[in-house]
Amino acid sequence: MYRTKTCGELRLANVNETVTLAGWVQKVRKMGGMTFIDLRDRYGITQLVFNEEDNKELCEKANTIGREFVIQIVGIVSERYNKNNKIPTGEIEIIVKELRILNKSEVPPFTIEENTDGGDDIRMKYRYLDLRRSNVRANLELRHKFCLAVRHFLDSKGFMEIETPVLVGSTPEGARDFIVPSRMNPGQFYALPQSPQTLKQLLMVAGMDRYFQIVKCFRDEDLRADRQPEFTQIDCEMSFVEQDDIINTFEEMTKFLFKEVRNYDLGDKPFLRLSWKEAMKRFGSDKPDMRFGMEFVELMDILKNTGEFAVFNEAEYIGGICAKGCASYTRKQIDELTNYVKSPQIGAKGLVYARVQEDGVKSSVDKFYSPEVLNHMAKEMNAETGDLILIISGPDAMKARKQLCELRLLMGERLGLRDKNKFALLWVVDFPMFEWSDEEQRLMAMHHPFTAPKPSDIPLLDTDPAKVLADAYDMVCNGVEVGGGSIRIHDAVLQAKIFEVLGFTPEKAQEQFGFLMNAFKYGAPPHGGLAYGLDRWVSLFAGLDSIRDCIAFPKNNSGKDVMLEAPSAVDQKQLDELNLRINPSL
């Protein structure tokens, strides 16, 4: 063995013991005739002491060591004179008697410390060095603990972990597939699964009853802080259940994970449930952040056609939020908010504001409205003296609500209302079954085409499918969709009807999903499930702004692995074997 103890376990109880440690050199400090080295491994840091008076040759050897050298030492545990209460081993040090350099290191491209001087690009290029930092390693340890707790809970509830294939067939719905050419079947392609959706349904048909899998999924979509091209789901499915059965099971699981992994008690009360329609009306989002209020107030009745402001008079939506205590905002600060909502990412045409002051309501549209109208608006907003009212309008109610949502989140951040150590969870239910796609010029499944409609809405599939609600549900935590699922269709006739509404010919539906529809002919049980986003959960528990830092080897915002230099070009020989040709003009 290269070590008898780790660098994180020695305490005062070990004083006078002879130990062997091995690890990486965190820091070297030379002080007169003494050299101090902080030795680091996964478990912690221990201070080593080399004294020139005791062993000059050994001390000189220690002075040749640099950061990130891998060394092994034998020494005696001693009580530390100047104790360091910032680390668990801070009461002891090792008086080194033997030193062996196991491997030298070049000077690292950035400091291997919690507060590093390395930017994102350089840290991702040398990710194996970045992972040596204690705070990054802690994220992976948290992820490990989270996965263990998930497995423990689901096993206790009778779920069985079953693996599903990674090479599957491509499906036309949802995000873009990553496709893989088949050498043995020229001109044909596999796809990497966006989720094991149809496979877990087949497991229910097979009688597995309760399935789960911590599984890699792949989606070729534009990236953001909570997206990666490959991500991990906690995928679950249950037979002979209704929506409440699933919600209750995974609400219990969520409370268990918070207590077990984060030591955070969510209490005994059921999570709040909001319909999709209510969430969009009150917060402009199907994943509202409920850590703070600042709910929307619709102002159409008060501001449309009651003054001469043409923008409001022509609007299909006028809504506002009340920012408590922000009437002191300067014109510069309000201009910053205006520029934010007018940015291409948000897309609003402008921002109207009103300060509630001791002498009345002062607004950017004062000249268009009487004081009575503005006072009525402030009363409707429950605005008090010192508050700032912010208003967005537009010709499309849904778009305007989403723009106001982004402004609400920004103000929540500025006012310190989005505390990462506070958690607010809810379920969003009763989603629309379909949404219109301008690109496809047809209805698309809002979730996926295997989601069951509300039984009472099934007749609307023939008369007004846009009004059909889905038996679907999302779990939201702090404004992040952490899980989603639905009751599934288990009847081949109803599934064929959904494909028809989505514009599939019977032949195309059979070609794409015949395996599932055929399986339903052999006694499929009622079933439903949910998939948690593992990366999102861990990032929330760790207080991270991006899921990237809780993934061992993530991609950058362009979907590239700068460490492995992937994706990359391949040899012409490989392309020939796959019967592929690259179009150089693209």
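User: Which element gives the largest share of the lining of the second largest pocket?

Analyst: Strand β7 gives the largest share, three residues. Strands are DSSP runs of E of at least two residues, helices are runs of H or I of at least four, and both are numbered from the N terminus. The model is predicted: local features need pLDDT of at least 70, side-chain atom pairs count only at pLDDT 80 or more, and totals for chains, interfaces and linings use all residues. Residues are numbered from 1 along each chain as its sequence is written, and side-chain values use heavy atoms, with hydrogens and water left out.

User: How is a pocket found, and which residues lie nearest the centre of the second largest pocket?

Analyst: Rolling a probe the size of a water molecule over the atoms shows where empty space is left. Here a pocket is an open set of points, on a 1 Å grid over the protein atoms alone, where a 1.4 Å probe fits and protein lies on both sides within 12 Å along at least five of seven lines; its lining residues have an atom within 4 Å of a point. The second largest pocket has 23 lining residues, and those nearest its centre are Phe 178, Ile 179, Ala 566, Pro 567 and Ser 568.

User: Is Glu 565 buried or exposed?

Analyst: Glu 565 is exposed, with a relative accessible area of 55%; exposed means over 50%, buried under 20%, and partly exposed in between, using a 1.4 Å probe and protein chains only. Asn 382, another residue that is not a glycine, has a positive phi of about 55 degrees. Asn 382 sits in the loop between α11 (371-380) and β16 (388-394) and is exposed, at 61% relative accessible area.

User: In what order do the eight strands of the open sheet stand?

Analyst: Two strands pair if DSSP finds at least two bridges between them. The order is β6-β9-β10-β22-β21-β20-β17-β11, with mixed pairing. At the edges are β6 (160-161) and β11 (272-275), each of which pairs on one side only. Within the sheet, β10 (residues 230-239) and β22 (residues 527-533) are antiparallel and share seven bridges, with Gln 233 opposite Gly 533 in β22.

User: Which residues of helix α5 are buried, and what do they pack against?

Analyst: In α5 (residues 197-205), the buried residues are Gln 197, Thr 198, Lys 200, Gln 201, Leu 203 and Met 204. Contact means heavy atoms within 4.5 Å. The buried residues of α5 pack against β9 (210-218), β10, α15 (506-520) and β22. After α5 comes Gly 207, with a positive phi near 85 degrees.
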